[in-house]
Amino acid sequence: MNHNASLSAPPRRARRIVLLSLAILAIASAAFVVRRPLMMSAPMCMAGRWHGCFDTFNGVVLMTLVALPLAALVVWALARRRRAAGVTSAWRMSLAEVGMVHGTVPSIWMTMMPGSGAGTVPARVSLVPLRDLVTMGTGQIVGNLLIFAALGFFAPMRFAALASVPRILALGAGCSVLVETAQYVLRLDRVSSVDDVLVNATGAALVAMASRRWWRTTAEAPSDQPRPAPAPAG
């Protein structure tokens, strides 16, 4: 059994390297495609100005990309600390925790940006399903699908109770309802639509299926607990 395990270790390590390389390549490609609009916000962000950086989509995306090395450092620090404590699946847990925060917070930030009539126009609500969906542009639909994509991808990897597509769908819908309610209460000049809730939740569920092989299921041992010390022989 030890011999078989040693033979399977190199392919597993190679698979991880390939996945990491593909992720880096995807991020670099996305940055290259949107480099021009991002560079429009770069001077404001480099100067630390709120207006023109943190109140624009381009600025938030730029700062999210800039913060990627810091997020990777946090993953490494958390994983190293857990491995030293004897916690199993230390890397998966650390990556899932940081990924949920780093991928979801900027999306919610952009969603909560006020419109030009914030605070002056009355709050608007659309409760008829599929009525707004037919008027949404492709960019808006894709954006809504990605709002809780990171949450849907990483949450079942971290929490066994969420290792189910229907539960991720419910989680995405619940989080989306909170966002839409906040938009209505704060009068951000946005339409609080039931279609947004449906699309956001669907995006979370679809992305969750892509991480199914890494889900932390209830059949696994509690990976957030240190490994028990072996009993002395004899």
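**Entry 1: T104**

Is T104 buried or exposed? I am working on a predicted model, so everything here is computed from that model. I looked up the relative accessible area of T104 and got 8%. The cut-off for buried is under 20%, so T104 counts as buried.

Next I placed T104 in the fold. T104 sits in helix α6. I then listed its contacts, skipping residues up to four places away in sequence. T104 touches G99, I147, F148, A150 and L151. I also checked one C-alpha distance. T104 and L146 are 42 residues apart along the chain, and their C-alpha atoms are separated by 9.0 Å.

**Entry 2: the overall layout**

I stepped back to count elements. I find 10 helices and two strands. Along the sequence the order is α-α-α-α-α-α-β-α-α-α-β-α. The protein has 234 residues, and 31% of them are buried.

I also looked at contact range. I took the contacts with a separation of 6 or more, and 71% of these join residues 24 or more positions apart.

**Entry 3: the largest nonpolar core**

Which residues touch the most other members of the largest nonpolar core? This core has 14 residues, and the ones I noted are M100, F148, L151, F154, A155, M157 and I168. Four helices each supply at least two residues: α6 (90-111), α8 (149-158), α9 (165-186) and α10 (194-210). Helix α8 gives the most, with five residues.

Leaving out residues up to four places away in sequence, L151 touches M100, T104, P156, L171 and C175. T104 from my opening entry is on that list.

There is also a second, separate core of five residues. I noted L38, A42, C53 and L62 among them.

**Entry 4: α8 against α9**

I wanted the geometry of this pair. Two packed helices are described by the angle between their axes and the distance between the axes. For α8 and α9 the angle is about 130°, and the axes are 10 Å apart. That makes α8 oblique to α9. The crossing is right-handed.

Which residues of α8 and α9 meet? From α8 I listed L151, G152, A155 and P156. From α9 I listed I168, L171 and C175. I sorted this contact by class and got six nonpolar residues, one polar and no charged.

**Entry 5: α4 against α6**

Helix α4 covers residues 57-66 and packs on α6 at an angle of about 170°. Their axes are 10 Å apart. That makes α4 roughly antiparallel to α6.

On the α4 side, the residues in the contact are F57, V60, V61 and T64. They meet H102, P106, W109 and M110 in α6. By class I count six nonpolar, two polar and no charged.

I then asked which residues of α4 are buried. They are G59, V60, L62 and T64. These pack against α2 (35-46), α3 (50-54), α5 and α6.

**Entry 6: M110**

Is M110 buried or exposed? This residue is found in helix α6. Its relative accessible area is 18%, so M110 is buried. The cut-off is under 20%.

I listed its contacts, setting aside neighbours within four places in sequence. M110 is in contact with F57, V60, V61 and R190. For a distance check I used I147, which is 37 residues away along the chain. The C-alpha atoms of M110 and I147 are separated by 9.2 Å.

**Entry 7: positive phi values**

Last, I looked at backbone angles. S89 has phi near 55°, a positive value in a residue other than glycine. S89 lies in the loop between α5 (68-84) and α6. At 32% relative accessibility, S89 counts as partly exposed.

R187 also has phi near 55°, and R187 is not a glycine either. Where does R187 lie? I found R187 in the loop between α9 and β2 (191-193). Its relative accessibility is 34%, so R187 counts as partly exposed.

How values were computed
Residues numbered from 1 in each chain as written. Predicted model: local features only at pLDDT ≥ 70, side-chain atom pairs only at ≥ 80, totals over all residues. Heavy atoms only, no water. Core = buried A, V, L, I, M, F, W, Y, C linked by side-chain atoms within 4.5 Å. Buried < 20%, exposed > 50% of the residue type's maximum accessible area, 1.4 Å probe, protein only. Contact = heavy atoms within 4.5 Å. Axes fitted to C-alpha atoms, helices over the stretch in contact; angles between N-to-C directions. Parallel < 35°, antiparallel > 145°, perpendicular 65-115°, else oblique. Left-handed = near helix turned anticlockwise from the far one by under 90°. Nonpolar A, V, L, I, M, F, W, Y, C, P; charged D, E, K, R; others polar.
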